[in-house]
Amino acid sequence: MSGRGTRPALAVLAAAAVLALAGCGDSGSDSGASGASGASGAELSVGAAYIPQPVSASMAAGFLTITNEGDAGDELTSVTSEAGDVTVHETVDGTMKEVDRLKIPAHGRLVFRSGGNHLMFEKLKRQPKQGESVTVELHFAQSEPVTVEVPVKAATYQPGDGHSAHTGN
């Protein structure tokens, strides 16, 4: 598979497979999606996703890790969900602010963790409960969108790994 025309075709097939599998509703331990590639050369996968059970009926936070195994960087440009409005926030020097995009470096990671980058769910249609999942779609500057089933964990949940101090910046 070293022909020049095969890589874009494989990227399209991989992205289609990820989107098709994401809709299968497997409630296994993976809680992520993988294999999304764009013509940009980014090879994105998503893991370690979770939402702590929110105490508010209208707002929640979400965390995940986007890994890029590709030779080119990409950017997360937005996140959508039928659960409510989702915005992307970064935390710099203890100050949280909404951003339009965050970089995902080539051969690097973009980590969303408590006290750092995170997703804010606002105007929730209903308060998600522990054991349920919330579907989100991640949109990128170059790569195809990726759909992820994000499990709702206990409010006190602490991830084992995937949310270390590495920010991918």
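Buried means under 20% relative accessible area, exposed means over 50%, and partly exposed lies in between (1.4 Å probe, protein chains only). This is a predicted model, in which local features need pLDDT of at least 70 and side-chain atom pairs count only at pLDDT 80 or more, while totals for chains, interfaces and linings use all residues. Residues are numbered from 1 along each chain as its sequence is written, and side-chain values use heavy atoms, with hydrogens and water left out. The structure holds two aromatic pairs, and ring pairs link Tyr-50, Phe-63 and Tyr-157 into a cluster.

**Tyr-50 and Phe-63**
- Rings of Phe, Tyr and Trp (its six-membered ring) pair if their centres lie within 6.5 Å; planes under 30 degrees apart count as stacked, over 60 as edge-to-face and the rest as tilted.
- The Tyr-50 and Phe-63 ring centres are 5.2 Å apart with planes at 40°, so this pair is tilted.
- Tyr-50 belongs to strand 2 (residues 43-52) and Phe-63 to strand 3 (residues 59-68), and the pair links distant parts of the chain, 13 residues apart.
- Strands (E, at least two residues) are DSSP runs, numbered from the N terminus.
- Tyr-50 is buried at 4% relative accessibility, and Phe-63 is buried at 7%.

**Tyr-50 and Tyr-157**
- Between Tyr-50 and Tyr-157 the ring centres are 4.8 Å apart and the planes are at 70°, so the pair is edge-to-face.
- Tyr-157 lies in the segment after strand 11 (146-153) and Tyr-50 in strand 2, so the pair ties together parts 107 residues apart in sequence.
- Tyr-157 is partly exposed, at 31% relative accessibility.

**Charge over a ring**
- The charged end of Lys-153 sits over the ring of Tyr-157, 5.2 Å from its centre.
- This term requires NZ of Lys or CZ of Arg within 6 Å of the ring centre and within 35 degrees of the ring normal.

How values were computed: Helices (H or I, at least four residues) and strands (E, at least two) are DSSP runs, numbered from the N terminus.
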